[in-house]
Amino acid sequence: MENAENLIALLVAAPLLGAAVLLCGGRRLDRAGHWLGTVLAAASFVIGAVLFFDMLGRGAEERTLRQHLFSWVPVESFQADVAFQLDQLSMTFVLLITGVGTLIHVYSIGYMAHDERRRRFFGYLNLFLAAMLLLVLADNYLLLYFGWEGVGLASFLLIGFWQHKPSAATAAKKAFLVNRVGDMGLSIAIMLMFTTFGTFAFGPVLAATGETSEGMLTAIGLMLLLAACGKSAQVPLQSWLGDAMEGPTPVSALIHAATMVTAGVYLITRSGAIFNAAPDAQLAVAVVGAVTLLFGAIVGCAKDDIKKALAGSTMSQIGYMILAAGLGPVGYAFAIMHLVTHGFFKAGLFLGAGSVMHGMNDEVDMRKYGGLRKYMPVTFVTFGLGYLAIIGFPGLSGFWSKDKIIEAAFAKGGTEGWILGGVALLGAGITAYYMTRVMLMTFFGEKRWQPAPDPDTAPSVEPGIEVHPGEMPHPHESPRSMTIPMILLAFGSVFAGALFSLNGAFVNWLRPVTDFEHGHPPVSAATVTVSTVVVLLIGVGIAYAQYGRRPVPVVAPRGSLLTRAARRDLLQDDFNHIVLVRGGEHLTRSLVYLDHTLVDGVVNGTAASVGGLSGRLRKLQNGFARSYAVSMLGGTAVLIAATLLMRGV
Amino acid sequence: MTASAVPVVHSLWTTAAEPVDKIGAPTIEYAQLAPTLIVVGAAVVGILLEAFVPRRARYYAQVFLTVVALAAAFAAVVGLAAGGYGSTKAGIAAMGAIAVDGPALFLQGTILLASLVAVFTFAERRLDPAHHGYRIDSFAAEAAAVPGSDQEKAAVKAGFTTTEVFPLMLFAVGGMLVFPAANDLLTLFIALEVFSLPLYLLCAVARRKRLMSQEAAVKYFLLGSFSSAFLLFGIALLYGYAGSVSYARIADVVDGSVAAIDPALAATMGNDVLLLIGVALVLMGLLFKVAAVPFHMWTPDVYQGAPTPVTGFMAAATKVAAFGAMLRLLYVVLPGLAWDWRPVMWGVAVVTMLGGAIVAITQTDIKRLLAYSSIAHAGFMLAGVIAATPDGVSSVLFYLAAYSFVTIGAFAVVTLVRDAGGEATHLSKWAGLGRRSPLVAAVFAVFLLAFAGIPLTSGFAGKFAVFKAAAEGGAAALVVVGVISSAIAAFFYIRVIVLMFFSEPKPEGPTVAVPSPLTMTTIGVGVAVTLLLGVAPQYFLDLAGQAGVFVR
């Protein structure tokens, strides 16, 4: 196709137009707004698909498209352009974002049917799509930062969408604040790039890494890692993701599972040249990934809230991706591959969770589910396929991508390789455990349904869903607009991995952008695969022993020390509270004290003395013309004396 | 009678019979002097109106005449400026008495516009309820009547008004137009007297608090005469030094470019002591008019006692005229003496800025507060004067224009806040004004913020320009003092805002009169100019910059 690059801007423009129309359009659009939003998301997907097939039609070296829209900040040497770059990496993201995004738009039509602010919800969703597409299509770091902040804003708006719930408002604020820390990292990284390279366009920056000192590259890399930690909920900036589940479930599926949280993986993969030249920063990436994958998995084991369990799992799976990205050219392709497959099955799992909540009076506590497979067959099957995919059941999507990451981790070599590989393997086992737990507690076992809570005492009930206090739930299958996206995502969960792995299709597709080296694990690939499956079976077995064969208590038992810690998100909030909040408070208080005593003391003292002086001077103004005349005479004398003195005569 | 005596007589005759130099008729450039001539002519006509127009019609005739005269004079100024008399054709007119150049035209334009805006507050007759069926303004029914006497009561009952204020104002404006344009010391002195005397009178004619008004007038007159005497003495000494009162001639002598000594003045001419004392005395006369410390003590009493419309007019226009004259004197006559006058003026500027700001803190009367504020502002402008650079001139010109409109507007607002005794000027009565009359309080807050020099108001642009010029002119320390004074001054401006908006209104508080379109025009123009010069000052800064060159 001629001039295919001219279509790139349309990818962003379509959802942006939707956001503008829906957010500015007013009440008139209430009835049709959600259709408009969905159609524009779908339009973006269609454009993406057209560009994709066009890209396939060209040789591997000619696949990168560029579109220069306009000069954004032209100030002498500081040149920022609004320009797009569509290569294989961006294309992968475009298809994931618009594809999953469109499905979730469709799902939301049903899910948000009763919400009176549905138009606004679709406006925010479109805004998110536009920002996320801008993020992955930008051809320079500054424009990427623009999109980065845009998705942060959309995420904030959507987490706090039910802002009347204090928990949602707090969660939105928390997500925003924690993300700011990461954003600082990105902005510092961009500033460092500008001072080092004199530009922040991908091409020149990534080409110039060879001639730059490793120290500077390490600094840039660590700042980029900090940014990625914020957006992708990696330790130590992971604390916001669990709370972000306060947002509507489609938001959790799209933004906080499939797309936005993977922006950190994109950033690191895109900046691969920097990390390749800065091994220390790269190792830090891998370590952060490994720590988070265990952290998230452990948290996921202890949560009774289905969405929070899935959030822990998201954290853990992104940990895998970050770990892979931290392995360098050996892992980039697998990080992205796992990202895509995860996008399918995690979005599907979240939509399934939303469907379950929809049928259960919006109950989120899995201890109050049980035996739902008969009542919600479509949800059960799609959720089940997603479950099998995420634990890495041989043949399904997750198996192909996760197994490669574990292999690559072992291939790192030396002690590091053994540790990282071991952690990844252990993570696979824990994943199998907690996902089996979710599955068993939700769909198997006896019914543990509880009467609907009083919405006044339990304000977590999503609005628009009619809940009659004391009424038992009547689980039912969700409407078609919700089940169809789940079915489509289930297809992705099952087949995507195998499809990608056919002849290394995905790796070859990305190779021009990310480089690729075959890893050579110390043990054979087959051994790794077999041990992965064994670990998986152990995890499933333990979960079955605990939750399948024994009845599940409705009230959570006290649990071990680790369980209790994990329920509290491994004390991350306590840590933040004690170290950051408390520390910050102490700092502020001492500053306030200093301000009160020292600064105010000086200020007030000055004010008092000025005031006193004023009062005394005022007395000179006694109202007598004679005194005034004397003042003038004296003043004149001084004036003359001073003038003469200046001359020295 | 001897024969020898005859030739003597004859020679006397012949000497006398020789052709003498005729006294040439003075050449007057009427066109260049048109603004002044229009205003003074209208003032004379105004006096005639007082004599011949029936009492009932006088008010309308006088207001009409005054507004038309001021507008026509302003048009003449604009015409002159457009005709290039401010730049390429700038020159000396009226046999060397008057300079027509950029600064003169800019200052005249400012004075005329400010007066035009102020005259509406003079003409306001809606603030008080009608009295015996007559509308009344801010001025005494019969100024000559003893306060509280039967004669006064009769005049009030008859509905008299002092319409003489309009021609008096025109005379004052006429003098002010000449003052900054005066090109010799005698013209300077005459202009000073021409604008001072009507102002003394105007201060005395308040309708309410008449004793206070008369006391203010007497004080102003006494101290004004006192300072005039100093000024005149200074002029005499300068004549003794240079043998001339002409600015150009004195400047030449100061420069040393005139070597020939006038034999009649051989004893004194070129004596630097005369020069320095003369300069100090002349400057003192001007510093009195701009209300610089320690020659400021009349200001609070006069500002408080005078009728508020007069205070606004006087505070704005006098300052413009006096600073204009001071700039011309220092930049045209005494640039060669800069090393002598700058340190002295430094000291004056410092004590003026600090003194005005500090004493203002403890004021409880809004008019006295504004008086001290005007003293502090005089200090800020002195900082620009001291820069002794073209930027210094243009920044002071800009500051004067900005300050005049803020001042007139602020005093116009003061006329609106009233209780049974007339204007409620005690600050305690302004508490909670923002709750009762949010618009009036908001407008006043704009003026206060402009006084304080908050960005987006003309006060900020002016202060910035002046301080920038001062810093570039090598007076950075003065700028530091200026900023400190601004900080002190901000306290009492903001305090009034806090008082208006964050205090509970008092039950017995004042009412806010609904003014006629006249005062609304004054306040509206004041706010508009304040914001315009604050948001987009560049055009006017450029205008002042182009006008910043004196002829010599």
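A salt bridge here is a side-chain nitrogen of Lys or Arg within 4 Å of a carboxyl oxygen of Asp or Glu. Welcome to a predicted model, in which local features need pLDDT of at least 70, side-chain atom pairs count only at pLDDT 80 or more, and totals for chains, interfaces and linings use all residues. Residues are numbered from 1 along each chain as its sequence is written, chains are lettered from A and ligands numbered from 1 in the order in which they are written, and side-chain values use heavy atoms, leaving out hydrogens and water.

**View 1. A:Arg270 pairs with A:Asp87.** Their side chains form a salt bridge, 2.8 Å from N to O. A:Arg270 sits in helix α11 (residues 263–270) of chain A and A:Asp87 in the loop between β2 (78–86) and α3 (88–111), so the pair ties together parts 183 residues apart in sequence. Helices (H or I, at least four residues) and strands (E, at least two) are DSSP runs, numbered from the N terminus. A:Arg270 is buried at 7% relative accessibility, and A:Asp87 is buried at 2%. Buried means under 20% relative accessible area, exposed over 50%, and partly exposed in between (1.4 Å probe, protein chains only).

**View 2. B:Lys219 meets B:Asp301.** The closest N and O atoms of this salt bridge are 2.7 Å apart. B:Lys219 belongs to helix α8 (residues 210–242) of chain B and B:Asp301 to helix α11 (residues 298–305) of chain B, 82 residues apart. Both B:Lys219 and B:Asp301 are buried.

**View 3. B:Asp419 joins B:Lys429.** This salt bridge spans 2.9 Å, N to O. B:Asp419 lies in strand β3 (residues 417–419) of chain B, and B:Lys429 in the loop between β4 (422–423) and α16 (433–436) of chain B, ten residues apart. B:Asp419 is partly exposed at 26% relative accessibility, as is B:Lys429 at 34%.

**View 4. The largest cavity is lined by residues of chain B.** A cavity is a set of points, on a 1 Å grid over the protein atoms alone, where a 1.4 Å probe fits but cannot get out; lining residues have an atom within 4 Å of a point. The volume, about 80 Å³, is the space filled by probe spheres set on the points, which are joined across faces, edges and corners. Among the lining residues are B:His377, B:Tyr399, B:Phe451 and B:Lys463. Helices α15 (390–416), α17 (438–452) and α18 (458–472) of chain B each give two or more residues to the lining.

Methods. 1 Å grid on protein atoms, 1.4 Å probe; cavity = no way out; pocket = protein on both sides within 12 Å on 5 of 7 lines; lining within 4 Å.
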